[in-house]
Amino acid sequence: RETRIERRMADVSSLMGPLLLKGWAMSAESCDDDMTPLMTDKKNKGSICCACEAKLAKLVANGCKISPEGPLWVVENDSRTVRYRVRKENGLFKFMGEIGDVSAPKPLEQPVHKSTATAS
């Protein structure tokens, strides 16, 4: 019977293989949280922990690409029908969510002052 840890290791390994085939490298560094080897994208100079960031790793393994967009990053497919926000923190890519969920905060609306014009 497979344990929870063995299942998780198998899930992580199943993500690392496709990333290697897409040109990512397995780093000598590991995740501080779970000691999983980091997968590094040499083009964007960033890494993913396939255990902590499994959703992001699955998107990349399935053909999405990570690219800079303004101060943040996006992960998207070629047709741009799949698009999510990503941030790069200390060289690690972190999944943030749907583009609409993490957009920049809206500026505060200025109060509208009613004019007190008098009719003559």
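1. **One face of helix 1.** Helix 1 has four buried residues, Val12, Leu15, Met16 and Leu19. Buried means under 20% relative accessible area, exposed means over 50%, and partly exposed falls in between, with a 1.4 Å probe and protein chains only. The four residues cover an arc of only 105° around the axis, so they sit on the same side of helix 1. That arc is taken from the directions from the helix axis to the C-beta atoms. The buried residues of helix 1 pack against strand 1 (25–30), strand 2 and helix 2. A contact here means heavy atoms within 4.5 Å.

2. **What kind of model this is.** This is a predicted model, in which local features need pLDDT of at least 70 and side-chain atom pairs count only at pLDDT 80 or more, while totals for chains, interfaces and linings use all residues. Residues are numbered from 1 along each chain as its sequence is written, and side-chain values use heavy atoms, with hydrogens and water left out.

3. **Confidence.** pLDDT is the predictor's confidence in each residue, on a scale from 0 to 100. The chain has a mean pLDDT of 84, and 82% of its residues reach 70 or more. Residues 101–108 have pLDDT below 50. Beyond near neighbours in sequence, that stretch has three contacts in the model.

4. **Overall layout.** The chain has two helices and seven strands. Their order along the sequence is α-β-β-β-α-β-β-β-β. Helices (H or I, at least four residues) and strands (E, at least two) are DSSP runs, numbered from the N terminus. Of the 120 residues in the chain, 32% are buried. Among contacts with a separation of 6 or more, 32% join residues 24 or more positions apart.

5. **Length and end of helix 1.** How far apart are the end C-alpha atoms of helix 1? They are 27 Å apart, which agrees with the 26 Å that its 18 residues should span at 1.5 Å a residue. The expected span is 1.5 Å times one less than the number of residues. Gly23 follows helix 1 and has a positive phi, near 100°.

6. **The nonpolar core.** A nonpolar core is a set of buried Ala, Val, Leu, Ile, Met, Phe, Trp, Tyr and Cys residues joined through side-chain atoms within 4.5 Å. The largest one has 24 residues, and Ile48, Cys50, Ile66 and Val75 touch the most other members. Helix 1 (4–21), strand 2 (37–41), helix 2 (54–61), strand 5 (72–76) and strand 6 (83–89) each give two or more residues to this core. Helix 2 gives the most, with five residues.

7. **Ile48 in detail.** Leave out residues up to four places away in sequence. Ile48 then touches Trp24, Leu38, Met39, Glu53, Leu56, Ala57, Val60, Ile66 and Phe93.

8. **Asn44, a polar residue to check.** Asn44 is in the loop between strand 2 and strand 3 (46–48). Is Asn44 buried or exposed? Asn44 is buried, at a relative accessible area of 10%. Its side chain makes a polar contact of 2.9 Å with the side chain of Asp41. A polar contact is a pair of N or O atoms within 3.5 Å; within protein, one must be able to donate a hydrogen and the other to accept it, and residues adjacent in sequence count only if both atoms are side-chain atoms. Not counting residues up to four places away in sequence, Asn44 touches Ile66, Pro68, Trp73, Lys88 and Phe93.

9. **Positive phi outside glycine.** Lys45 is not a glycine, yet its phi is positive, about 50°. Lys45 lies in the loop between strand 2 and strand 3. Its relative accessibility is 67%, so Lys45 counts as exposed. Asn90 also has a positive phi, near 55°, and is a residue other than glycine. Asn90 is in the loop between strand 6 and strand 7 (92–98). With 77% relative accessibility, Asn90 counts as exposed.

10. **Ser30.** Ser30 is in strand 1. Its relative accessible area is 26%, which makes Ser30 partly exposed. Ser30 touches Met35, Thr36, Pro37 and Leu38, not counting residues up to four places away in sequence. The C-alpha atoms of Ser30 and Ile48 are separated by 9.9 Å, and the two residues are 18 residues apart along the chain.

11. Lys58 lies in helix 2. Lys58 counts as partly exposed, at 46% relative accessibility. Lys58 and Leu15 are 43 residues apart in sequence, but 6.5 Å apart in space, C-alpha to C-alpha. Leu15 is one of the buried residues of helix 1.
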